[in-house]
Every structure is written in structure tokens, then in C-alpha cells.
Amino acid sequence: MEKQRVSEILEHFPVEEFQEKLLKWFERDQRDLPWRKDRDPYKIWVSEIMLQQTRVDTVIPYYLRFLNRFPTLNDLAEASQDEVLKEWEGLGYYSRVRHLHEAVKEVKERYGGQVPDSEEEIRKLKGIGSYTAGAILSIAYGKPVPAVDGNVMRVLSRILYIKDDVQTMKTKKLFEDLARKIISPSNPSFFNQAMMELGALICTPKSPSCLSCPVVSLCRGREKGEHGRLPIKGKKKPPVPVTLICGVIVKGEEVLIDKRENDGLLKGLWEFPQIECNEPANEIFQFTKYIWKTFGVKARPEKYLMTVTHTFSHVKWHIEVYQYVCEELDKREGRGKWVSIHQLNQYPFSVSHGKICKKLQ
């Protein structure tokens, strides 16, 4: 049934003309980006992971700094988690770099440091889905494997006039099947990059620059006057608001920090002790009880420091930050680590807790 749908959509669509126009445009107008300097699969891999849900302008300095620190796959595989997270600090979506770190270790051990060049093998690596696999295989190895991200789905939905909800897995699979049929077999690297570039620069979500589009004459959505309404997206749930109370606990010249171990969100990053505030009228007692039980620290609140808000895809943190003074330490071993304020920049913190560090420094 799906094969029939793909055939019906592509019937009478001039695939070769589309490829030719798109490739000529990309060869002439492509941006000068650092990850386009060579075809090293490791560097392409790093860039594609960084570019997920992140703007190109934001990624460039992180990419250059990350590659300067870990110039080869083996360098990254041998680094500690704290070292890797520190270089990623501020880029967000930290599960990306944790998966990347795990995956390069596997490549080093299982494949002798050589990134697999087959779709079957590369998809086995942690954090590599169909898009990332397609990007690496096509750009680094010249394999005709599609790389379908949000930009590409937007382009295809308009060019081919597809009104399916792009947020469903069924529709994504449809776009992948279509892209596999129209990808240029002679230059899959430039084809995939051109599709992404077209979506990023011209076929943008709002006010697409149709008059600058190299394939505007082939666009079915524009022909029907509905390109501005595409792609179709179902309603997304807004992030759930969560209030947290956070304590900067001071002992002389030192403060207490803790490493997130078990929570999937921001796992492996350091933070100041914090808990979800489910008793707003009794938050101070709730927090002091928590730090005694968890860290073996008795502390009294001294002053309010700041409020920090941070929005994730599914939740919005509202963090009330107070400074506490340590009055007593339990003899038992508790969680956490005492460090001087000047040492805080040696540890990887999330964006929200990085703001607290700046306030203290």
C-alpha cells in the first residue's frame, strides 16, 4: 500500500529535472560551513548530532571548539564523561552527546575506530537514527541513503503537495520512502545537503522565498496556492510548568554541588541541590529536610538569590534559588561534592544552573 502511495505521488513528477536544478543551485550557492571542509565521517557525525534542533549559527563555535578538543574519534572515545559534557555545556539536549560518546567508544572497540559504512551497521550505534545515518553515509561515503529531517519534510510536503501530518511516524516513513526514490544516485552527498539547505534558507517555515527557489517551477504546493499552509502539523502539547527550589549551600569558601546520576533529564551534569516544590507553603522545611537526608547537611536559609526559568520540549522549570549556610555535617558519607566558587567553571552544568554559577562568580 505504501509503495503504491509513493508511486502515485511521484507519477508525472520530473525527478531528474528536480535533481539537476537542485544540485546546480547547491554547487553555486552553498554556505561555507566548517563541517563541509572534508568528508571525515567522524566530523560529519559530530556536526549532525550538534545540528539536531539547534541553529547553524549557534553550532559553529561549539563544533570548532569540540573538534579542537577532540580532533579524532579516538580522542573522544578516550575522554571522560565530565570532559565531554564540559565541551558541550550550553548547547542543550545533553542526551545527544552522551549517546555520541557511548557510540564512538563502541566504534573504537568493535570497528577499530572506523565509522561503519553500511546502513545496517551504523543504525546499531547509540543515538543514530535514520536521518543521522543517511547524512553520514551520503556525505562521508557517497551512499544514496536519504537524510530526512524537519527541513526536508517541509520541502517535500510543498514540492509534492503532501497534506499528511508530518508529526506522525507513518508520514515520516512516507517521506523517507519518497526521498529514497528521488535522491541523486550520482551525487547523494550534495543532494541531501541541498535539500537541508533549501529548507533552512529558502523554503522556510514562514514566508518562504519562492522567487529565489531553484525548483519553484516544479512546486505543486505553490501551483495550488497552498504552500504557505504546508506542512500540516498536529497540535503539540505545551510544556508542563514545574516549580523547583534550589539551594546554594555555603561552607566557608566552598559550595555544595551534586551530579545527576539517575534522572534521564540532564543526566551526568552537575547542579546545586534542588527538588520539585510540591508543598509551596512549606518549601523551606521541605528543602532542609531533603538536604539533610540526601547530603547529610544541616543548613539555614540566608537570602534569596535569583529566579531561573528554563524551557525544555516537555517541561518548563521555574527555579527559586536561595543561599543557605551550612551549620552541621553528618559524619556519614552523603552525596555531593564541596568545591570552591572559583572551581565551578571546571564542572559541566546545565544552562539553568550555569546562570547560578555566573551569579555567584
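Ser-352 is part of helix H15 (residues 351-360), where helices (H or I, at least four residues) are DSSP runs numbered from the N terminus. The model is predicted: local features need pLDDT of at least 70, side-chain atom pairs count only at pLDDT 80 or more, and totals for chains, interfaces and linings use all residues. Residues are numbered from 1 along each chain as its sequence is written, and side-chain values use heavy atoms, with hydrogens and water left out.

With a relative accessible area of 1%, Ser-352 is buried (under 20% relative accessible area; exposed is over 50%, partly exposed in between; 1.4 Å probe, protein chains only). Its side chain makes a polar contact with the side chain of Ser-350 at 3.2 Å (a pair of N or O atoms within 3.5 Å, one able to donate a hydrogen and the other to accept it; residues adjacent in sequence count only if both atoms are side-chain atoms).

Across the whole structure, 13 aromatic pairs are found (rings of Phe, Tyr and Trp, the last by its six-membered ring, with centres within 6.5 Å; planes under 30 degrees apart are stacked, over 60 edge-to-face and the rest tilted). Phe-66 and Phe-70 form an edge-to-face pair, 5.0 Å centre to centre with 65 degrees between the planes, and both residues are buried. The rings of Phe-66 and Trp-88 have centres 5.9 Å apart and planes at 85 degrees, so this pair is also edge-to-face. It links distant parts of the chain, with Phe-66 in helix H4 (residues 56-69) and Trp-88 in helix H6 (residues 81-88), 22 residues apart. Trp-88 counts as buried because its relative accessibility is 0%. Elsewhere, Phe-287, Tyr-290, Phe-295 and Tyr-324 form one aromatic cluster.

Charges also sit over rings (NZ of Lys or CZ of Arg within 6 Å of the ring centre and within 35 degrees of the ring normal). The charged end of Arg-65 is placed over the ring of Tyr-62, 4.8 Å from its centre. Lys-251 lies over the face of Trp-338, at 4.8 Å from the ring centre.

One cavity of 30 Å³ or more is found (a set of points on a 1 Å grid over the protein atoms alone where a 1.4 Å probe fits but cannot get out; lining residues have an atom within 4 Å of a point). The largest cavity is lined by 13 residues, with Ile-159, Cys-203, Cys-210, Cys-213 and Cys-219 nearest its centre. Helix H10 (residues 150-159) gives the most to this lining, with three residues.

Definitions and conventions:
On a 1 Å grid over the protein atoms alone, a cavity is a set of points where a 1.4 Å probe fits but cannot get out, and a pocket is an open set with protein on both sides within 12 Å along at least five of seven lines; lining residues have an atom within 4 Å of a point. Grid points are joined across faces, edges and corners, and a volume is the space filled by probe spheres set on the points. Helices (H or I, at least four residues) and strands (E, at least two) are DSSP runs, numbered from the N terminus.
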